[in-house]
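Please find below a briefing on a single protein chain, prepared for a reader with a computational background. The sequence and the model are shown first.

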Amino acid sequence: MKIGKGGRGDSTQLLREAIAAHQGGKFFKARKLYETILADDQTNVPALHYSGILEAQQQNPTKALRLLDRALTIVPNAADILADKGKVLADLGQHHDALPC
């Protein structure tokens, strides 16, 4: 689906739907919605961030870190994204790498 302005294709609405699905435990649906948003806009920071959180929750730390790092290239000092990256690194036992986060 190509995202346009208004209606179902609106990226803000899709992000709301993705977050609601994510919070509701509908991880497959959330992942697909995040992917749809990112296919249209690879720099959508909220989609990158929440997608990274989802991947971490689904035990995909490498993919989670890749997504979180992409978000951090756009907003390098985003405390919430840095904190989530630090948590993923700590969960991997990479405490030394997590300290700067």
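The model is predicted. The protein chain contains six helices and zero strands, and its pattern along the sequence is α-α-α-α-α-α. Of its 101 residues, 38% count as buried.

**Overall chain**

- The protein chain exposes about 5900 Å², and carbon and sulfur atoms supply 54% of that area.
- Among contacts with a separation of 6 or more, residues 24 or more positions apart account for 35%.

**Nonpolar core**

- The largest nonpolar core comprises 24 residues, and Leu15, Tyr34 and Ile81 have the most contacts inside it.
- Helices α1 (11-23), α2, α3, α4 and α5 each supply at least two residues of this core.
- The helix that gives the most to this core is α4, with six residues.
- Leu15 touches Tyr34, Ile37, Pro46, Ala47 and Tyr50, when residues up to four places away in sequence are not counted.

**Tyr34**

- Tyr34 is placed in helix α2, which spans residues 27-40.
- Is Tyr34 buried or exposed? Tyr34 has a relative accessible area of 0%, and because this is under the 20% cut-off, the residue counts as buried.
- Apart from neighbours within four places in sequence, Tyr34 is in contact with Leu15, Ala18, Ile19, His22, Ala47, Tyr50, Ser51 and Leu54.
- The C-alpha atoms of Tyr34 and Glu17 are separated by 9.4 Å, the two residues being 17 residues apart along the chain.

**Asn44**

- Asn44 lies in the loop between α2 and α3.
- Its relative accessible area is 12%; Asn44 is therefore buried, since the limit is under 20%.
- With neighbours within four places in sequence left aside, Asn44 is in contact with Ile37 and Leu38.
- Ile37 is also among the residues that Leu15 touches.
- Asn44 and Ala71 are 27 residues apart along the chain, and their C-alpha atoms are separated by 7.9 Å.

**Largest pocket**

- What is the volume of the largest pocket? The volume of the largest pocket is about 240 Å³.
- The lining of the largest pocket consists of 13 residues, and Ala56, Gln57, Lys87, Val88 and Asp91 lie nearest its centre.
- Which helices each supply at least two residues of the lining of the largest pocket? They are α3 (45-57), α4 (61-74) and α5 (79-91).
- By class, six residues of the lining are nonpolar, four are polar and three are charged.

Conventions: Residues are numbered from 1 along each chain as its sequence is written. This is a predicted model: local features need pLDDT of at least 70, side-chain atom pairs count only at pLDDT 80 or more; totals for chains, interfaces and linings use all residues. Side-chain values use heavy atoms; hydrogens and water are left out. Helices (H or I, at least four residues) and strands (E, at least two) are DSSP runs, numbered from the N terminus. Buried means under 20% relative accessible area, exposed over 50%, partly exposed in between (1.4 Å probe, protein chains only). Contact means heavy atoms within 4.5 Å. On a 1 Å grid over the protein atoms alone, a cavity is a set of points where a 1.4 Å probe fits but cannot get out, and a pocket is an open set with protein on both sides within 12 Å along at least five of seven lines; lining residues have an atom within 4 Å of a point. Grid points are joined across faces, edges and corners, and a volume is the space filled by probe spheres set on the points. Ala, Val, Leu, Ile, Met, Phe, Trp, Tyr, Cys and Pro count as nonpolar, Asp, Glu, Lys and Arg as charged, and the others, Gly among them, as polar. A nonpolar core is a set of buried Ala, Val, Leu, Ile, Met, Phe, Trp, Tyr and Cys residues joined through side-chain atoms within 4.5 Å. Accessible areas come from the Shrake-Rupley method with a 1.4 Å probe; for residues, only the protein chains shown count as cover.
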